[in-house]
Amino acid sequence: MRPALAAAALLALATPVRADWISYGNGWGSKWDDPVHGTPATVTWGFVDDGTIVDPGFYLAAEVSGGSAVGALRATVDAAHGAGAFDAAIQNAFDTWHAVSGITFVGPVAGGNAPLMGSVTSPDIRIGAFAAVPSSGFSWVGAVGFGPPGDDLFFPDAVAGDVAFNLSVPHEIWPGAEGAPAVPFTNDLEGLMLHELGHAAMGLGHPADGAPEVMYVGAGCCAVVNREPSPDDIAGAQSVYGASSIPACANDIDDDGDGLYDGLDPGCANASDASERDPALPCDDGADDDGDGRADHDPATLADPAAGRGDPGCKDPARPREDPQCSNGADDDGKPGTDFDGGVSVNGGPGDPNGPDPHCVGKPWRDDEKAPPGCGLGAELALLLPLAARVRRRAPI
Ligand SMILES: [Zn+2]
């Protein structure tokens, strides 16, 4: 954010944005290192040796067949996507949580061959890959990740932090940038690892709703490339481990979900700025300034006013208000029609019986319900033609 005196008045009126994230510990425990939430942690991780079994005393042992085969999974992914693709996807997932919260990872270190989910607690996060027993619970998931111990300092838990990939389902590396279409449940490897680490490292559960959330797995999830935590995921991660040592304006992440990151985000004053939001920018301040239940610019909302969590009044993060005339609930021009949607989005109920204002349809961010001034090509040509004629007369030939 940028320092701004005027922001104080805005913030006093603004409504906080609703949070969906949930943590296992709810303030204490179910996190690595100090159980007090908001404190940082350093977590070790590694792959278990191929052939390592799931401890026979743990329920998952009945749902897998054979020993771990991370090597086979790595070979499959690398054969399809290039040498190093598997390890890069896994490492990226660790780096991403480090970039947005106070957790630091050390690895990969040797994971050993002691049974997974048995009695060994080191490294903290041990990763294996197993074939699934058909029709078992494990056969329906891309991977499982077990949350941090109740208290890492005093009550170590060997199951905590363990991750098992399911070798019986596909694991892909989808082309395209964040948000690009993916075939649902084909398990984009980096996004899947980010999700499992959300459990195993971050101590986060599944939020009730929110399709953009990495931690969301309900209806509508998993149809796009999702390798960046949403603002809600990040809020959850920071509640458990505090802020990252990397400033939000230098972490290669779109921390505020407005489609722009770091220096490209108008909310970033410079690379040491710890927030991509700016209290002086109503469409990039993280708050619902106009009380319509939606906040800030969201590319998904710009494409479809009913989608995403953004405010339809915000065409981009630098727009000066969340409630321009075409989405302020008022009939500003006194002519039939109100707003882009008949005023329903702000006022609720049936809205204007005349429906939307024709000058606002498809343009909820427009700050004028009246027709645009005559600045089309025709008007400009009419002005230019007499000038052109005069120039021609003054020409030397
Ligand atoms: Zn999950």
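How many helices and strands does the secondary structure of the chain come to? Eight helices and eight strands, where helices are DSSP runs of H or I with at least four residues, strands are runs of E with at least two, and both are numbered from the N terminus.

Some housekeeping. This is a predicted model, in which local features need pLDDT of at least 70, side-chain atom pairs count only at pLDDT 80 or more, and totals for chains, interfaces and linings use all residues. Residues are numbered from 1 along each chain as its sequence is written.

Now the chain as a whole. Of its 397 residues, 46% are buried. A residue is called buried if 20 or more other C-beta atoms lie within 10 Å of its own, exposed if 12 or fewer, and partly exposed in between, with C-beta atoms placed from the backbone. Taking contacts between residues at least 6 apart in sequence, 60% join residues at least 24 apart; a contact here has the two C-beta atoms, placed from the backbone, within 7 Å.

Next, one helix pair. Two packed helices are described by the angle between their axes and the distance between the axes. Helix 3, residues 85-100, packs on helix 4, residues 189-200, at about 45°, and the axes are 8 Å apart. Axes are lines fitted to C-alpha atoms over the stretch in contact, and angles run from 0 to 180 degrees between N-to-C directions. The pair is therefore oblique, since under 35 degrees would be roughly parallel, over 145 roughly antiparallel, and 65 to 115 roughly perpendicular, with the rest oblique.

Which residues meet? From helix 3, Ala89, Ile90, Asn92, Ala93, Phe94, Thr96 and Trp97 meet Leu189, Glu190, Met193, Leu194 and Leu197 of helix 4. By class, that contact has nine nonpolar, two polar and one charged residues. Nonpolar covers Ala, Val, Leu, Ile, Met, Phe, Trp, Tyr, Cys and Pro; charged covers Asp, Glu, Lys and Arg; the others, Gly among them, are polar.

On to the backbone. The loop between strand 4 (103-106) and strand 5 (125-132) holds Pro108, and the peptide bond from Gly107 to Pro108 is cis, with omega near 0°. Pro123 lies in the loop between strand 4 and strand 5, and the bond from Ser122 to Pro123 is cis, with omega near 0°.

Finally, positive phi. Ser30 is not a glycine, yet its phi is about 55°. Ser30 sits in the loop between strand 1 (15-16) and strand 2 (41-47) and is buried, with 25 other C-beta atoms within 10 Å. Asp252, also not a glycine, has a positive phi of about 60°. Asp252 is in the loop between helix 5 (231-241) and strand 8 (287-288), and counts as exposed, with 12 C-beta neighbours inside 10 Å.
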